[in-house]
Structure formats: structure tokens, C-alpha cells
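Visitor: Could you walk me through this structure, a few helices and residues at a time?

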Amino acid sequence: MEPIFSPKLFTTLKAGYTRHQFTKDVMAGIIVGIVALPLAIAFAIASGVGPEKGLLTAIVAGFLISMLGGSRVQIGGPTGAFVVIVAGIIATYGIEGLIISTIMAGIIMVIFGLFRLGVVIRFIPYPLVVGFTSGIALLIFVTQIKDFFGLQTGELPADFIGKVSMLARSFHTLNWVSLVFGLGSLLLTLFWGKISSRIPGSLIALLAGALLVAFGGVQVETIGTKFGEIPSTLSLPTFPNLSWDTIYMYIGPAFTIALLGSIESLLSAVVSDGMIGGRHRSNTELIAQGIANIGSGLFGGIPATGAIARTATNVKNGGRTPVAGLVHALVLLLIMLFAGKWAGLIPLSVLAGILMVVAYNMSEWRSFVSILKGSRYDVLVLVTSFVLTVVVDLTIAIQVGMVLAALLFMKRMADVGEVKPLVAYPQDEKDDAAMVNLELPTTCVVYEISGPLFFGVANKFKELMHNIPDRSTIVLIRMRNVPMIDATGVHNFKALLQRFVHQRKTVVLTGVNAAVARDLGRHGITELVGPENIYATFEEAVLRVKKM
């Protein structure tokens with residue numbers, strides 16, 4: 001069994017750590033730190049907080065995730081998935097509410113890990129994940145239109161329809177300088193990789209934009225004009241004011257952050273496992289993610305999770321141990337301490353162009369289209385979670401999506417479950433052949449139950465009661481394909497058997513597995529039909545019927 005908490009950093013170092021691998025990890029960490037710089041700033045600004053909070057999150061949370069995590073190569077920090085959530089929490093509860101929610105989310109994630117829920121979280125349906133991820137991508141894209149085109153809109157409405165409407169009405173205020181910067185940033189981010197795969201296009205876009213503002217005399221809105229100078233110091237951790245009277249207000253946002261952070265981090269870990277042929281420790285990863293979010297909140301940062309793009313960059317550049325993630329966090333710390341003031345020169349339209357590419361990559365449109373061609377149940381979950389994420393709220397989308405997916409799963413299981421006759425009382429002479437082949441008396445009926453016996457198949461028991469002929473005195477029920485039985489299944493099955501016993505019919509059960517047999521025994525069904533009428537194989541049950 002997987003240990004609850006066993007960080008990969010310590011196990012990889014114990015296994016033997018060579019100077020060659022250390023060199024590769026350091027180089028990978030430096031490259032990932034450079035890649036993370038523009039993203040940390042952009043995600044923070046898109047979330048409605050200052051750029052320094054994005055850097056703080058990448059430094060503190062990124063360091064803790066690599067030091068304590070259950071993945072060899074996971075890179076943690078702020079991600080696009082949290083942009084919409086953070087903006088919504090700030091609009092409702094303010095910055096302090098966000099910090100409290102982030103710390104509480106970290107505590108919840110630690111609890112998830114301690115209760116070994118890492119495996120359970122992986123069972124969240126893929127259509128639901130694609131639905132809300134695509135919805136978040138669309139929301140991020142729309143929120144960047146204002147800065148990309150330099151529109152003078154004032155404060156945008158919180159709701160999607162109102163936001164789109166205001167942006168459309170404000171297009172006459174388009175700023176051509178901002179548009180040129182935005183397009184240049186977007187194109188560099190998309191296509192710079194064809195020139196160099198080592199240096200990200202997003203970093204080139206940031207440097208080019210800042211240099212044009214500094215030395216070209218270009219007038220465009222920048223980080224500095226909107227947020228002021230980025231601090232060049234790391235603040236000390238502070239605990240927010242929290243009372244038992246107000247803590248309930250933050251439970252909803254905290255659970256949303258915790259659930260989304262858990263999903264994103266474990267998805268990233270699974271993807272990286274495939275890239276390096278490794279195997280992450282899910283419960284350890286959840287505990288580390290929780291501690292990292294607590295740390296981020298205490299330092300005034302925003303929620304963090306595993307970042308798939310940065311993790312993939314780490315792997316592609318030779319990172320194979322958590323040392324690369326630690327180096328990435330240290331690189332960001334050095335940039336913040338010694339070059340943070342220059343970040344104020346970065347144009348907001350440049351960041352908007354970078355985020356539009358991030359939104360496109362997040363959208364998973366190919367998966368979206370693929371699911372639309374599949375089962376109507378999956379399509380329903382996908383479209384519902386997508387529409388609710390965009391139009392209503394991500395929290396509602398996850399809650400409704402999970403309930404809907406569970407209901408549809410139960411519907412599928414109910415459809416799979418069958419209560420069918422193998423040999424019924426003959427209605428005409430043609431059916432006599434079936435009886436002769438089994439050499440069973442004509443007063444015996446044989447039924448087979450397939451699939452889990454749960455509340456979803458309750459009606460099929462009622463149909464069975466009405467279909468058995470009155471002249472039948474022996475009911476042989478085959479249960480070889482029944483993997484489990486729940487409380488409702490036991491109740492309905494017992495009611496059926498009690499009816500047979502009341503009608504003086506002998507019930508013979510066959511193919512009952514050990515788990516189902518224990519449940520039947522606990523609820524008195526074994527005693528009801530008699531232990532002498534329960535058999536492991538169909539052949540034994542047939543011999544019993546012939547002797548009656």
C-alpha cells in the first residue's frame with residue numbers, strides 16, 4: 001500500500017544522486033524558472049491581484065511542492081485554472097477572504113491526503129474535467145480582450161454576458177499601440193519555439209515589450225502604471241484575522257480551491273508519469289499541495305497547484321528529481337529580489353497576448369469535440385459543466401456536474417443490470433426442449449441476475465415477482481455476475497424472497513461470491529432461504545433441484 005506521506009525528494013536522494021543528474025536538474029530548473037516568470041505575473045494580474053503575489057506564490061508554493069511532493073518532476077505554482085475562482089473570491093470577500101480561503105483549502109487538501117483520497121479524486125469523470133477546463137479557458141480569453149485591444153471600459157461586470165456586452169460596446173475605444181503589442185506578444189508566444197526551444201517566446205515578448213517602453217518612448221498601459229512598482233523583498237508570513245463566526249463564509253470557496261487544486265495537481269502528476277515512466281504518490285502529493293497552499297496564503301499569495309505546461313518543460317529539459325523544482329523557485333526568488341522593479345515596464349497588452357495563448361492551450365478543444373461525438377450521457381455532462389462554468393459559477397458547475405455524472409453512471413449501471421429468465425415455466429410445447437436439456441422438473445424456473453444489485457435496479461425485482469408462474473414451486477436464481485449488493489438491493493431482494501417463501505416456493509441461489517454472501521448473511525437472507533439452498537456452482541444447484 002502506498003505510504004500516506006513519503007516525499008519523492010528524500011527517496012530519490014537516498015537512491016543515489018549523481019553530479020551529472022544534479023547538473024541536468026539545475027539547468028532544467030533555471031529554464032523552468034524563466035518560463036514561469038511571465039506566467040506567474042500574468043496569472044496574478046488576470047486574477048485581480050498584484051503581480052508580486054503571483055511571484056510569491058510561485059516561489060513559496062513551488063518550493064514546498066517540490067520539497068514535499070509525491071512526484072519526481074512536478075512543478076507547482078499559480079495556474080490559469082484558478083484565475084476565474086480567485087477573481088470571484090476577491091469580488092465577494094476581498095483579498096483577506098482570498099487568503100483565508102487559500103489557507104483553508106490547504107488544510108482540506110492535507111485532510112484529503114491523510115484520508116487517502118488521492119485515488120478517489122482520479123475517478124472524477126473526464127467529460128466533467130474537460131467541460132469546466134474549457135469553460136475556464138473561455139473566461140480567461142474574454143477577460144484579456146480589454147487589455148489586448150487597450151479598450152477603455154472601466155470595471156468589467158462579473159457575469160459573462162455583461163462582460164461580453166460591455167466589451168462589444170467599447171470597441172470604438174480601441175488603442176492601436178496596445179493591439180500591436182498584443183499581437184506581437186501572441187505571435188512570439190506561439191511561434192518562437194520554431195527558432196529556439198530553450199527560451200520561451202513569452203519571455204521574449206516580455207523583454208521586447210519592456211525595452212520598447214523603456215527606450216522607445218512608447219505610451220502604453222503597463223504593470224507599473226496600474227499596480228505601481230513590484231516589491232523587491234519577500235514579506236514575512238502573517239496569519240489573517242479569522243473568527244469562528246465568519247469561518248463558515250469561506251467553506252464553499254475553500255472546497256472549490258481544494259477540489260480543483262487536487263484534480264489539477266494529480267492530472268499533472270499522471271501526465272508527467274507517462275513522460276518519465278515513473279509513478280507518483282498521490283496522497284503525498286495532496287498533502288504537499290495542501291502545505292504549499294497554506295504557505296502561499298501565509299505569505300499573502302494566491303492558490304497554487306501542479307502546472308502541466310511547466311512540468312512538461314521540466315521533463316523535456318532533463319529534470320528528473322525534485323531538485324529541479326527547488327532550483328526553479330530559487331531562480332524566481334533571485335529575479336524578484338534583483339530584477340523585480342523592471343517588471344513594472346511590461347505592457348499589459350503583452351501579458352494579455354500570453355494569456356490568450358494559455359487559454360487556447362487550456363481549452364482542450366480537440367477533446368471537447370471528441371467527447372461531443374461520443375455517448376449522449378458524456379455529452380450532457382460536458383455541455384452542462386461548460387455552460388455552468390461560463391454563465392453561472394465554477395463552484396456550481398463542479399457540484400452539478402458531479403451529481404449529474406453520478407446519476408448518469410447509476411442509470412448506466414441500472415441498464416447493464418438484468419434480471420432475465422434462463423428457463424421459465426413452459427407456455428407451450430416448444431419451450432419443453434429447454435427443460436429437457438437441463439433435465440429439470442417443469443415446476444422449476446431459472447433466472448439469472450447480472451450486474452450490481454443496487455437501488456437503481458429495484459423495479460426489475462418487482463417485474464420478476466409478477467412474471468413467475470403460480471404453478472412453479474422451485475425458483476433457481478443464478479448470481480454469478482453479481483459483484484456487489486447495497487442496502488436497497490438487499491431490502492428488495494429479501495422482499496422478493498419473502499414473497500416466494502410465503503407462496504411456499506423453494507428458493508435456490510447459485511454463484512454467490514464471498515462478499516455478496518456475507519451481506520446476505522448479515523441481513524438474514526441466508527437463514528430465510530436456508531444455507532442448504534445456497535451453492536457455489538450452477539451444477540451443484542441443479543443436482544439439488546433434481547433431488548427435490
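Guide: Here is a short tour in questions and answers.

This is a predicted model, in which local features need pLDDT of at least 70, side-chain atom pairs count only at pLDDT 80 or more, and totals for chains, interfaces and linings use all residues. Residues are numbered from 1 along each chain as its sequence is written, and side-chain values use heavy atoms, with hydrogens and water left out.

Visitor: How are H2 and H16 turned relative to each other?

Guide: Helices here are DSSP runs (H or I, at least four residues; strands are E, at least two), numbered from the N terminus. Helix H2 covers residues 19-47 and helix H16 covers residues 348-362; their axes are 10 Å apart, at an angle of about 95°. Axes are lines fitted to C-alpha atoms, for helices over the stretch in contact, and angles run from 0 to 180 degrees between N-to-C directions. Angles under 35 degrees count as roughly parallel, over 145 as roughly antiparallel, 65 to 115 as roughly perpendicular and the rest as oblique, so H2 and H16 are roughly perpendicular.

Visitor: How many nonpolar residues are in the contact of H2 with H16?

Guide: Contact means heavy atoms within 4.5 Å. On the H2 side are Pro38, Leu39, Ile41, Ala42, Phe43, Ile45 and Ala46, and they meet Leu348, Leu351, Ile354, Leu355 and Val358 of H16. Ala, Val, Leu, Ile, Met, Phe, Trp, Tyr, Cys and Pro count as nonpolar, Asp, Glu, Lys and Arg as charged, and the others, Gly among them, as polar. With no polar and no charged residues, the nonpolar count is 12.

Visitor: Which hand does the crossing of H6 and H16 have?

Guide: The axes of helix H6 (residues 126-143) and H16 come within 8 Å and cross at roughly 160°, so these two helices are roughly antiparallel. In the contact, Thr133, Ile136, Ala137, Ile140 and Phe141 of H6 meet Leu355, Met356, Ala359 and Met362 of H16. A crossing is left-handed if the near helix is turned anticlockwise from the far one by less than a right angle, and right-handed if clockwise. For H6 and H16, the crossing is left-handed.

Visitor: How many charged residues are in the contact of H3 with H13?

Guide: Helix H3 (residues 51-68) and helix H13 (residues 282-298) have axes that come within 8 Å and cross at roughly 155°, which means that H3 is roughly antiparallel to H13. From H3, the contact includes Thr57, Val60 and Leu64, and from H13 it includes Glu285, Ala288 and Ile291. By class there are eight nonpolar residues and five polar ones, and the charged count is one.

Visitor: How many residues does the largest nonpolar core have?

Guide: A nonpolar core is a set of buried Ala, Val, Leu, Ile, Met, Phe, Trp, Tyr and Cys residues joined through side-chain atoms within 4.5 Å. In the largest one, Ile41, Leu55, Phe132, Ile223, Leu260 and Leu351 have the most contacts inside it. Not counting residues up to four places away in sequence, Ile41 touches Pro51, Leu55, Ile223, Ala343 and Leu351. The size of this largest core is 74 residues.

Visitor: Is Ser178 buried or exposed?

Guide: Ser178 lies in helix H9 (residues 176-191). Beyond residues up to four places away in sequence, Ser178 touches Asp147, Phe148, Phe149, Gly150, Val220 and Ser349. Buried means under 20% relative accessible area, exposed over 50%, partly exposed in between (1.4 Å probe, protein chains only). Because its relative accessible area is 6%, Ser178 is buried.

Visitor: Which residues does Phe368 touch, not counting residues up to four places away in sequence?

Guide: Phe368 lies in helix H17 (residues 365-372). At 17% relative accessibility, Phe368 counts as buried. Leaving out residues up to four places away in sequence, Phe368 touches Val130, Ser134, Leu382 and Phe386.

Visitor: What is the phi of Glu364?

Guide: Most residues other than glycine have a negative phi. Glu364 lies in the loop between H16 and H17 and is partly exposed, with a relative accessible area of 28%. Its phi is positive although Glu364 is a residue other than glycine, with a value near 50°.
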